[in-house]
Amino acid sequence: MGKVAIVGCGAAGAFCAANLRSMRPDLDITVFEAGRKPLAKVALTGGCRCNLSNSFEGVSSVRQAYPRGDRLMKRALMEFGPADTCRWFEDRGVRLVLQEDHRWFPASQDAMEIVRTLLDGIRGARLKTSSKVEKVLPGLRTVTSDGREESFDSIVVTTGGAREFQMLSPLSIEIVPPVPSLFTFETDSPVRELSGTTADVSLALAGTSFRSSGNLLITDWGFSGPAVLALSSYAARHLAGSGYRAALIVNWLGSSEEEVRRMLEETASANPSKQLSSVHPVPSRLWKFLLDKFSVNPETRWGQLAPSAVNRLAARLSADEYKITGKGRYKEEFVTCGGVALPEINPATMECRKHPGLYFAGEVLDIDAVTGGFNLQAAWTTGYAAAHSIC
């Protein structure tokens with residue numbers, strides 16, 4: 001009977017253990033969890049509703065969802081993708097719903113249903129909470145915080161996070177230094193006074209090729225929302241290298257300058273006697289703020305706008321600049337980029353090339369995604385691959 005250790009009882013670790021229990025009930029499985037509660041992060045994800053996957057509808061390439069690890073994920077998703085995830089949970093009694101934004105949630109809107117389902121799946125395995133693995137040694141051995149050394153036939157490391165790689169130091173495995181991903185932007189602009197305002201925008205970092213689009217939320221510290229989180233993911237290493245200082249270009253209408261100009265001309269033609277302040281292409285409070293910022297009198301009639309004024313307004317609306325002065329202070333980021341370098345593993349099995357029998361799954365790998373259920377899908381996919389290989 002094989003003896004398996006799973007280090008970390010988060011999404012990837014629990015899913016790997018549950019699949020091992022299903023595929024090979026005879027295995028002797030020990031799951032080590034450093035915290036007091038397993039799956040604590042899963043319980044909080046998606047606003048405690050658990051956005052467990054994404055339909056990938058509208059995703060033109062895997063790289064669009066996975067800025068790092070896209071090639072591995074493209075292959076792995078063919079073996080266990082979103083449809084397989086949905087089937088796995090539905091077969092265990094979890095009813096799922098697909099939102100208009102292509103995100104999968106439990107119909108109960110309760111992340112604890114996912115937690116309970118995973119814990120039911122690992123029943124029969126030995127779950128050790130408050131038990132931290134301090135070292136993974138050559139020869140498939142672990143050393144826990146109580147000093148106990150134990151040997152296994154297989155070890156699956158699923159710890160994730162930015163501070164867990166010291167345990168791998170005896171193995172001489174390449175680690176890509178971790179930095180935060182999926183975070184909000186601080187700014188010193190008075191735009192913060194519009195906290196709670198949203199708009200569908202396109203974003204860019206000045207002087208780079210980093211771009212994103214989607215909903216932007218103005219907060220009392222700066223900018224948040226899916227568009228910002230996506231840009232923070234794409235540009236995670238660039239922003240870390242710049243000390244989280246950069247110029248953010250906001251296209252408030254998400255259209256080209258020429259398209260914005262035509263929209264303004266059509267608005268002026270349809271509303272010649274109305275004031276600029278009364279017909280607004282973005283939310284009213286934001287529009288008044290922008291007119292003030294652009295030094296445009298809000299009492300001007302639309303029909304009084306000279307062509308040169310329309311051109312200037314179109315240019316500013318499509319490329320409005322703000323200074324990023326830092327990343328959000330409230331630790332929104334649940335994700336880091338970095339981790340075990342992907343050349344270290346077999347992409348078909350998640351097994352370490354240097355240490356046969358040692359596997360990695362989840363965020364401990366140098367794989368991370370934009371928001372929307374893609375990171376949890378990576379946990380399910382890589383956890384399943386490791387379990388399937390062991391079996």
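**Notes on the model**

1. Helix 6 (residues 111–121) has as its buried residues Ala111, Glu113, Ile114, Val115, Thr117 and Leu118. Buried here means under 20% relative accessible area, exposed means over 50%, and partly exposed is in between (1.4 Å probe, protein chains only). Helices (H or I, at least four residues) and strands (E, at least two) are DSSP runs, numbered from the N terminus. An α-helix has 3.6 residues a turn, so residues three or four places apart point the same way.

2. On the basis of the model: it is predicted, so local features need pLDDT of at least 70 and side-chain atom pairs count only at pLDDT 80 or more, while totals for chains, interfaces and linings use all residues. Residues are numbered from 1 along each chain as its sequence is written, and side-chain values use heavy atoms, with hydrogens and water left out.

3. The buried residues of helix 6 pack against helix 1, helix 2 (40–48), helix 5 (82–91), strand 5 (103–106) and helix 12 (374–390). At the N-terminal end, helix 6 is capped by Asp110, which has a side-chain oxygen 3.0 Å from the backbone nitrogen of Met112.

4. Overall, the chain has 12 helices and 19 strands. Its C-alpha atoms fill a box of roughly 85 × 40 × 35 Å along the principal axes. Of its 391 residues, 53% count as buried. Contact means heavy atoms within 4.5 Å; among contacts between residues at least 6 apart in sequence, 74% join residues at least 24 apart.

5. An open sheet is formed by five strands in the order 6-2-1-10-19, with parallel pairing. Strand 6 (126–129) and strand 19 (358–360) are the edge strands, each pairing on one side only. On average, neighbouring strands of this sheet are turned by 15° against each other, direction ignored. Two strands pair if DSSP finds at least two bridges between them.

6. Within that sheet, strand 1 (residues 3–7) pairs with strand 10 (residues 154–157) in the parallel sense over four bridges. Ile6 stands opposite Val156 in strand 10. Helix 1 (residues 11–23) lies across strand 1, strand 2 (28–33) and strand 10, and runs at about 160° to strand 1. For such angles, axes are lines fitted to C-alpha atoms (for helices over the stretch in contact), and values run from 0 to 180 degrees between N-to-C directions.

7. Which residues touch the most other members of the largest nonpolar core? They are Tyr66, Leu358 and Phe360, in a core of 80 residues. Helix 12 gives the most to this core, with 10 residues. A second, separate core of 42 residues includes Val201, Ala246, Leu291 and Ala309. A nonpolar core is a set of buried Ala, Val, Leu, Ile, Met, Phe, Trp, Tyr and Cys residues joined through side-chain atoms within 4.5 Å.

8. Beyond its neighbours within four places in sequence, Leu358 is in contact with residues including Val136, Leu140, Ile155, Val157 and Leu171. Ile173, Met350, Glu351 and Cys352 are also among the contacts of Leu358.

9. Thr381 is in helix 12 and is buried, with a relative accessible area of 1%. A polar atom of its side chain lies 2.8 Å from the backbone oxygen of Phe80. Not counting residues up to four places away in sequence, Thr381 touches Met73, Ala76, Leu77 and Phe80.

10. Is Asp146 buried or exposed? Asp146 is exposed, at 62% relative accessible area, and is found in the loop between strand 8 (141–144) and strand 9 (149–151). Its side chain makes a polar contact of 2.5 Å with that of Thr144. A polar contact is a pair of N or O atoms within 3.5 Å; within protein, one must be able to donate a hydrogen and the other to accept it, and residues adjacent in sequence count only if both atoms are side-chain atoms. A polar atom of the Asp146 side chain also lies 3.0 Å from the backbone nitrogen of Arg148.

11. Leu194 is found in the loop between strand 12 (185–187) and strand 13 (198–205), and is buried, with a relative accessible area of 8%. Leaving aside neighbours within four places in sequence, Leu194 is in contact with Ile218, Arg285, Leu286 and Phe289.

12. The whole structure has zero disulfides (a disulfide being a pair of cysteine sulfur atoms within 2.5 Å). For Cys86, the closest cysteine sulfur is in Cys50, 11 Å away, which is too far for a bond. Cys86 is buried at 6% relative accessible area, and Cys337 counts as buried at 0%.
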